[in-house]
Amino acid sequence: MSWPLYLAFKQLFPSGRRLPFFTLISVAGVALGVALMLMATSVMGGFGYQIKKMIIDTQGEVQVRGRGPIENRAAVEEALASVPAVAAWAPFASGVVMLQFENRPAFPAVLGYDLGRIRQVIPLERYLVAGSFDDLDDDSVILSSLLASSLGARPGDKVSLYSPLMLERLKQNEILLPRDVRVAGIFQIGHQQLDSSTVICSLRLMQDLYGLGKTVHGYNVRLRPGADEFAAAAALNRALPAAAVARTWFESNADFQAVLSFERNMIFFLLTFIVIVAAFSITSSLLVTVVRKTREIGLLGAMGGRAREVALCFCAQGFVIGVAGTIGGLAAGFTLLHYRDHLVHLIASLTMGQEVFVKFYQFNHLPAHTAPRDVVTIIVFTLLAATLAGLIPAWRAAKLKPVEALRSE
Amino acid sequence: MANDEANHSASKSADRSSGIRHSESVIPSSAAAVLRATGLRKRYPSGDQTLEVLRGVDLAVQAGESVSIRGESGSGKSTLLNILAGLDRPDGGELFWRTEAAHQLSLGALTARRGRFLGMVFQAYYLIPELDALANVLMAARVVGPVGAAARARAAALLRRVGLAARMAHLPAQLSGGERQRVAVARALMNFPAVILADEPTGNLDERTGDEVIALLLEVCAEEHAALVLVTHNPAHAKKTARQLTLQLGRMVESVRFGV
């Protein structure tokens, strides 16, 4: 090890002595910044990851939608079969119904799936918390957890469905009776909006409720593992008839994704200032060290140390603080991320309350997803800031003439 | 430079006429000097005037020789030592490190050579507080190159030689003043220097400890065959060196030569 690095390390972590206060504070400052940046990017990344997973789990990587009900299903299904990236697909129809249980009404969104195909595309069983997917048929529905909870409905109960088609028929002096169906199960995805007011039923039931005949509103498409969703959507759009269009999960939620990405970048940007402030504190402390060690700097010159080596010694101190702070910060950040739900529940219980938190943030636990690219960005940025922080003190130290430094009081 | 030399000769003549013994014995006749200075001049601006600290100093030190330089405060002893060490540049005159014209080298080039050519001992020790005694001595070797087992062995041997065998792992804060100065002496000798420049090394020590340090310095320099230039206020310490010089009004005005 060259002497500037050796001395830098010894001055920060002297053997046989307590860790200097300057080292402790500087490393802690950097570590705090790193930990916060890591947590912020991980939590924001977690939101994005969770939303992506939830969207894909509920609609597939790609969704084909008609500009109205798709009548020429054969043409669409031929197009779907022609794209190699497509692993499975299932038709769906969607809308809104009025649901009544023991005089308690609700207006949930309703999704009708082809029960023979949907399991290949959407892992609905994964989200079932009561009942069984196998019990779902043309005379039954699965309710979202909060909807079931608000209505007090449980598997086996009978609920009534009223569709907009009844109003249409009423205009023609025809009366359609509500459809009584059984609750086959209850699902919980973990997203407030979906869990609060959604009904899943068979495609045939949905077609009956809306008078769709054999038409559908679209197709949920599952791609083969590793397939690029944008390329697959482009290939589908080339093959699909003009009445249908394929969109990736990202495009379907582009506005939301853009907001999420903006928030994530903004939070990261704001948190970089913690590291920058820590870097200024390193600069300030190292400048004091240069003044305090002026005669030692003179001594090093007297022993044959070159000015650039003296400068390297102080730059290296900034770098070593950066390395120690980054390691400490990453360790603290990952530990806090591991216990994030405990912390959030504690904070929520002390402030807004758990229910308000879930309602406001849509999730019943704090998601986190740490992208390796984000970790690399944090490490590079922190090491750069800490090393640059040592530059001004290094320059001051290098400027000192040994003869004047030795003479200083 | 020619002007400086002319002035230097003129000032010598003036000194002779005024009765000051400004002797050629300051420059030994032997050409084997490891450190040689002729006509060194140094001026500093002082308000509107210029203060001439060194007015043509001649000095030659042979290998293994011990020389003391005394003088009143402000007589230019430390300035001379800094110039001899290549830490400062003279305004005139010549300086040779062995046969190399040090006065013609840049400060950077002097720095590169200094670590191996000479060692310095200071009044305030200047040990690095974060390093133990052994590491402080080794630091002199680190500054000039990679440190191996041989360097570690030499550093330990030097510390044993200066009586600090049991104090190698002690930090400077755990050592007495005399012990710190012994570490500084060992550090100055670490790179087998040709010359040791000691700037009032007993200034911070009590009389007894100071005597011990000077005795040790003379002994180890003799053993290592390193020349010693000792700047001191203490006449008793000066008398222990082979030659005693006095710097007065910027000139070497006295020299008494004992056997080397």
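Visitor: Why is Leu245(B) called buried?
Guide: The cut-off is 20 or more other C-beta atoms within 10 Å. Leu245(B) has 29, so Leu245(B) counts as buried.

Visitor: Where does Leu245(B) sit?
Guide: Leu245(B) lies in strand β9 of chain B, which covers residues 243-248. Take Leu230(B) as a reference point: it is 15 residues away from Leu245(B) in sequence. In space, the two C-alpha atoms are 9.8 Å apart.

Visitor: How do you know that β1 and β4 of chain B pair?
Guide: Pairing needs at least two bridges between the strands. Five bridges join β1(B), residues 33-46, to β4(B), residues 92-97. Therefore they count as a pair. The two strands run antiparallel. Elsewhere in chain B, Arg41(B) stands opposite Gly92(B) in β4(B).

Visitor: What is the strand order in the open sheet of chain B?
Guide: The order is β2-β1-β4-β5, four strands with antiparallel pairing.

Visitor: What makes β2 and β5 of chain B edge strands?
Guide: Each has a single partner strand, so one side of each has no neighbour in the sheet. β2(B) spans residues 49-62, and β5(B) spans residues 100-101.

Visitor: Which helix packs on this sheet?
Guide: Helix α2 of chain B, residues 77-84, does. Helix α2(B) touches β1, β2 and β4 of chain B. The direction of α2(B) makes about 125° with that of β1(B).

Visitor: How many residues of chain B are in contact with chain A?
Guide: On the chain B side there are 20, in contact with 19 residues of chain A. Helices α3 (107-117) and α4 (133-144) of chain B are the elements that give two or more residues to that side. The largest share, five residues, comes from α3(B).

Visitor: What kinds of residues make up that side of chain B?
Guide: Eleven are nonpolar, four are polar and five are charged.

Visitor: How many helices and strands does chain A have?
Guide: Chain A has 18 helices and twelve strands. Of its 409 residues, 43% are buried.

Visitor: What confidence does the predictor give?
Guide: The complex gets an ipTM of 0.79 and a pTM of 0.68. For chain B, the mean pLDDT is 83, and 85% of its residues reach 70 or more.

Visitor: Where in chain B does pLDDT stay under 50?
Guide: Over residues 1-30 of chain B. The model has 34 contacts beyond four places in sequence for that stretch. Where pLDDT is low, the predicted coordinates should not be read in detail.

Notes. Residues numbered from 1 in each chain as written. Chains lettered and ligands numbered in written order. Predicted model: local features only at pLDDT ≥ 70, side-chain atom pairs only at ≥ 80, totals over all residues. Buried ≥ 20, exposed ≤ 12 C-beta atoms within 10 Å, placed from the backbone. Contact = placed C-beta atoms within 7 Å. Axes fitted to C-alpha atoms, helices over the stretch in contact; angles between N-to-C directions. Nonpolar A, V, L, I, M, F, W, Y, C, P; charged D, E, K, R; others polar. pLDDT = per-residue confidence, 0-100.
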